[in-house]
Amino acid sequence: MNSLNIWWEGFVEWLKREENGLFLFLLALHFLPLWSLPYFSTCDGPAHIYNAQIMLDYFKSENLTVFEKFYSFNNNIGANWLGHILLSLLLAIFPPFIAEKVLISGYLLLLPLSVRYACKAINPESKVAVLLIFPIVYNSTIYFGFYYFCYSIGLFFLVFGYWIKYQNSLSLSSRHVTLLLILVLLLYLSHPFSFTMAALLIGFHFSFNLIADLVKEIRTGRRWENLLTERLKSQFLPLTIAFLPTTLLMLSWAITSPTTNDRRPQNWQIQKLYIWIIESISIYYPNSLPAKTSSAAFLILLALLTIYCIFSRNSVTDKSEKNHLFWIPILLFIPIVGLVLPALLPAYLLTLDNLSAIYLFTSERCCLYVLLTAILWIAVGKFHKKVLLATKIAITSISLVLLVMQILTHYRLQSYVEEILSYKAVVAEKATVLPLFLHYGALPKGGYDILPPPVLLHTPAYVATEKELVNLGNYEAHTGAFPINFQQTVNPFIYIGGAINSLSAAIDILSYRDKTGIDVDYVVVYTVPGHKFNEASIISLYAQLEVGYELIYTSPERGFIEVYRKKRK
């Protein structure tokens, strides 16, 4: 009881500090969009739930016949493994919708706390930077459903903060090296992109400080060889031990992946950087002036804080001279991440299928890391009280506007989700289902108001999870970047067509049985009721449905969900 009282008294004292109370207040507020409504809509989230359930069923020895017929485990331990294992454990305890929210809740806790840890490691007096993460907690990647990448952002800050905190006390026999190795491995298993960012940033920081110290030794006439030897032994060698095993694991995972010519480099243009950064914050609010304005205000705030740190003589903490040196590598790292990396990666990595799947959204992820590394850089600064107060007011205001927009957007999407899920009443359990989403280029005028937003592309996977359906639109099992793969003998992306998720090209449903011996029991189509499409791929689809299937269900209200059942002979 005494220990509990001591802890509580310490917590009360901690709360009395103004910045701590505000941090806790904003942290709590960010759970409202997630838990205030029944459904939290993301694009890939339902697919993650579905595949995690497949893993759970396998380890529980359930539905083994279905698993062996359609799926196999990926032999390469790589991206997304950690997240799928964690999600499988949550599904063993909670229903799918709750398990997904618990998983996202972990991210909502991990990211702000890990940013706080890293900023305090850089500067224990940091009061501004620890709050700057809140306007971008709900960034575009969480709405893409990149849950494991989102977790990797938090782990990125933990790894970097741990390096900053213990860089001068690393040794081969130190527990810090072991803990850093474990953190690095967890970071990679969450997402290789963030692992790459952490390796680049730590390597850049180590190299710059080493060079700066060597120059200082040379100028003062000291023997620079002793410093070099000591630094390589005390920092470089422990860092190598911490990063090398995971680096070799990643290289093995990448090199053993098949090659492909299907990936296309992204159209990276420097002049679009500002637009992409804005969209990395507010992409989920189409045509929303408050969200766009708040996102732009946040970028202006970051820019003003950066300028303040550069030109204000009193803006640098006097903790040590190292803080002055810390500015430059972090500041230089921002354009390297935001400009150079996206331009280089597609050129030599996108022929490897595993890496192409990971780095497809390079621009979005790099733009996000521009903001994240800017937060680390600002953590070095010391701010005047008036600047600190104005920044707190601005961050709180921007966060509140974005939170309100998120809640309103999710509220609008609830009816769409319910309409999509309504088809579960007409499909038999353990059937084979092919969900098809008409690509937006084929939509008539007004079609955007009928079809659900693209963020709901994989929402039918919730029904597949609940009714133990075989989801032939399971893109994860085709990419090679997740723990579950399709058996190549039945892979629908091979035998039906690679455009299953978009219908941007023709697909062949009717011959799937002849090629694989498996029926497509149901076809679920997102459509615009009453519209006659002119796209060749969609005309071909409806011609096949007329020959081999019968319409058994049209969703109520908007009528954008049609369910076709294979005709009985």
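**Entry 1: helix 9 against helix 10**

I began with the pair helix 9 and helix 10, whose crossing is left-handed (the near helix is turned anticlockwise from the far one by less than a right angle, whereas clockwise would be right-handed). I took helices and strands as DSSP runs, H or I over at least four residues for helices and E over at least two for strands, numbered from the N terminus. I am working on a predicted model, in which local features need pLDDT of at least 70 and side-chain atom pairs count only at pLDDT 80 or more, while totals for chains, interfaces and linings use all residues. Residues are numbered from 1 along each chain as its sequence is written, and side-chain values use heavy atoms, with hydrogens and water left out.

I looked up the geometry and found that helix 9 and helix 10 (residues 175-190) pack at about 160°, with their axes 8 Å apart; axes here are lines fitted to C-alpha atoms, for helices over the stretch in contact, and angles run from 0 to 180 degrees between N-to-C directions. Helix 9 is therefore roughly antiparallel to helix 10, given that angles over 145 degrees count as roughly antiparallel, under 35 as roughly parallel, 65 to 115 as roughly perpendicular and the rest as oblique.

I then listed the contact, meaning heavy atoms within 4.5 Å: helix 9 contributes residues including Tyr148, Phe149, Leu155, Tyr162 and Tyr166, and helix 10 contributes residues including Arg175, His176, Leu179, Leu183 and Ser190. By class, the residues of this contact divide into 14 nonpolar, 3 polar and 1 charged, where Ala, Val, Leu, Ile, Met, Phe, Trp, Tyr, Cys and Pro count as nonpolar, Asp, Glu, Lys and Arg as charged, and the others, Gly among them, as polar.

I next checked helix 9 (residues 147-166) against helix 11 (residues 192-219), and their axes come within 9 Å and cross at roughly 20°, so the two are roughly parallel to each other. Helix 9 passes helix 11 in a right-handed crossing. From helix 9 the contact takes in Phe149, Ser152, Ile153, Phe156, Val159, Phe160, Trp163 and Ile164, and from helix 11 I noted, among others, Phe193, Met197, Leu201, His205 and Phe206. The residues of this contact comprise 13 nonpolar, 3 polar and no charged.

For helix 10 and helix 11, I found axes that come within 5 Å and cross at roughly 140°, and the two are therefore oblique to each other. The contact is made by Val184, Leu187 and Tyr188 of helix 10 with Pro192, Ser194, Phe195 and Ala198 of helix 11; its residues are 6 nonpolar, 1 polar and no charged.

**Entry 2: single residues**

I looked up Tyr512 in helix 22 (residues 512-516) and found that it counts as buried at 0% relative accessibility (buried is under 20% relative accessible area, exposed over 50% and partly exposed in between, with a 1.4 Å probe and protein chains only). Leaving aside neighbours within four places in sequence, Tyr512 is in contact with residues including Phe70, Leu472, Val490, Pro492 and Val520. Gly497 is 15 residues from Tyr512 in sequence, and their C-alpha atoms are 9.9 Å apart.

Thr240, in helix 12 (residues 224-255), counts as partly exposed at 28% relative accessibility. I noted that its C-alpha atom is separated by 9.5 Å from that of Leu181, 59 residues apart along the chain.

I also noted two non-glycine residues with positive phi. Lys430, with phi near 60°, sits in the loop between helix 18 (385-421) and strand 2 (432-437) and is partly exposed at a relative accessible area of 47%. Glu557, with phi of about 70°, sits in the loop between strand 6 (549-554) and strand 7 (561-566) and is exposed at 66%.

**Entry 3: the whole chain and its confidence**

I recorded 23 helices and 7 strands in the protein chain, with buried residues making up 57% of its 569 residues. Of the contacts with a separation of 6 or more, 80% are between residues 24 or more positions apart.

The chain averages a pLDDT of 80, and 78% of the residues score at least 70; pLDDT is the predictor's confidence in each residue, from 0 to 100. I marked residues 316-322, where pLDDT stays under 50 and the model has 16 contacts beyond four places in sequence, and residues 346-359, where pLDDT also stays under 50 and the model has 54 such contacts. Where pLDDT is low, the predicted coordinates should not be read in detail.
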